[in-house]
Amino acid sequence: MKTVLLGDTHGRSTWKQIVEKETDADRIVFVGDYFDSYDLPGVTQLQNFLDIIEFKKSSDKDVVLLFGNHDYHYMPGYTGYGFSGYQAGLAYQFRDAIEQNLEHLQMPYLFD
């Protein structure tokens, strides 16, 4: 079974080219950090996250979406401080997107 690990997208869509290239992968694991880019607009980061969710929902592959520290501080109910790159201006939109898609995200993952 071939597994592709993708980490720290931080709003970037380069994962799409990797997935297109790795057509023989059986499992795609995103290891989190979907948000908090220093050079991409927050709306771009949000759309990229929603694209990843849609990819998981529509893919015939096993797609695993893990939380990263740059995602956790947008979790519903989290009252701590943000990590570097925290997007206070879009925090509510990020939180809403996470909350609406919690069933597609997970914290731990046992790999083989």
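How much accessible surface does the chain have, and what share of that belongs to carbon and sulfur atoms? The chain comes to about 6300 Å², with 53% of that on carbon and sulfur atoms (Shrake-Rupley method, 1.4 Å probe; for residues, only the protein chains shown count as cover).

Before you click around: this is a predicted model, where local features need pLDDT of at least 70 and side-chain atom pairs count only at pLDDT 80 or more, while totals for chains, interfaces and linings use all residues. Residues are numbered from 1 along each chain as its sequence is written, and side-chain values use heavy atoms, with hydrogens and water left out.

**Stop 1: the whole chain**

Colour by secondary structure and you get four helices and three strands (DSSP runs numbered from the N terminus: helices are H or I with at least four residues, strands are E with at least two). Walking from the N terminus, the order is β-α-β-α-β-α-α. The radius of gyration is 14 Å, close to the 13 Å that the globule rule gives for 112 residues, so the chain is as compact as a globular protein of that length. That radius is taken over C-alpha atoms, and the rule is 2.2 Å times the number of residues to the power 0.38. Along the principal axes, the C-alpha atoms fill a box of roughly 40 × 25 × 20 Å.

Now colour by accessibility. Of the 112 residues, 44% count as buried (buried is under 20% relative accessible area, exposed is over 50%, partly exposed is in between; 1.4 Å probe, protein chains only). If you draw contacts (heavy atoms within 4.5 Å) between residues at least 6 apart in sequence, 69% of them join residues at least 24 apart.

Switch to charges: there are 9 positive and 17 negative side chains, and the centres of the two sets lie 3 Å apart. Lys and Arg count as positive, Asp and Glu as negative, with His and the chain ends not counted; each charge is placed at NZ of Lys, CZ of Arg, CG of Asp or CD of Glu.

**Stop 2: the aromatic rings**

Select Trp-15, Phe-30, Tyr-34, Phe-35, Phe-49, Phe-55, Tyr-74, Tyr-86 and Phe-94, which ring pairs link into a cluster. The whole structure holds 10 aromatic pairs (rings of Phe, Tyr and Trp, using its six-membered ring, pair if their centres lie within 6.5 Å; planes under 30 degrees apart are stacked, over 60 edge-to-face, the rest tilted).

Zoom in on Tyr-74 and Tyr-86. Their ring centres are 5.1 Å apart and their planes sit at 10°, so the pair is stacked. Tyr-74 and Tyr-86 both lie in the loop between helix H3 (69–72) and helix H4 (91–100), so the pair ties together parts that are 12 residues apart in sequence. Buried or exposed? Tyr-74 is buried, at 0% relative accessible area, whereas Tyr-86 is partly exposed, at 34%.

**Stop 3: the loop between E1 and H1**

Pick Thr-9, in the loop between E1 and H1. Thr-9 is buried at 8% relative accessible area. Not counting residues up to four places away in sequence, Thr-9 touches Trp-15, Phe-30, Gly-32, Asp-33, Tyr-34, Asn-48 and Ile-52.

Next, click His-10, in the loop between strand E1 (3–6) and H1. His-10 is buried too, with 15% relative accessibility, and has a positive phi of about 45° although it is not a glycine. Most residues other than glycine have a negative phi.

**Stop 4: Asp-33**

Asp-33, one of the residues that Thr-9 touches, sits in the loop between E2 and helix H2 (42–58). Its phi is also positive, near 60°, and Asp-33 is buried at 6% relative accessible area.

**Stop 5: Glu-22**

Move to the loop between helix H1 (14–21) and strand E2 (27–30), where you'll find Glu-22. Glu-22 counts as buried, at 18% relative accessibility. Leaving aside neighbours within four places in sequence, Glu-22 is in contact with Lys-2, Val-4 and Lys-61.

**Last stop: after H4**

Finish at Glu-103, in the segment after H4. Glu-103 is exposed, with a relative accessible area of 60%. Its C-alpha atom is 10.0 Å from that of Leu-65, 38 residues away along the chain.
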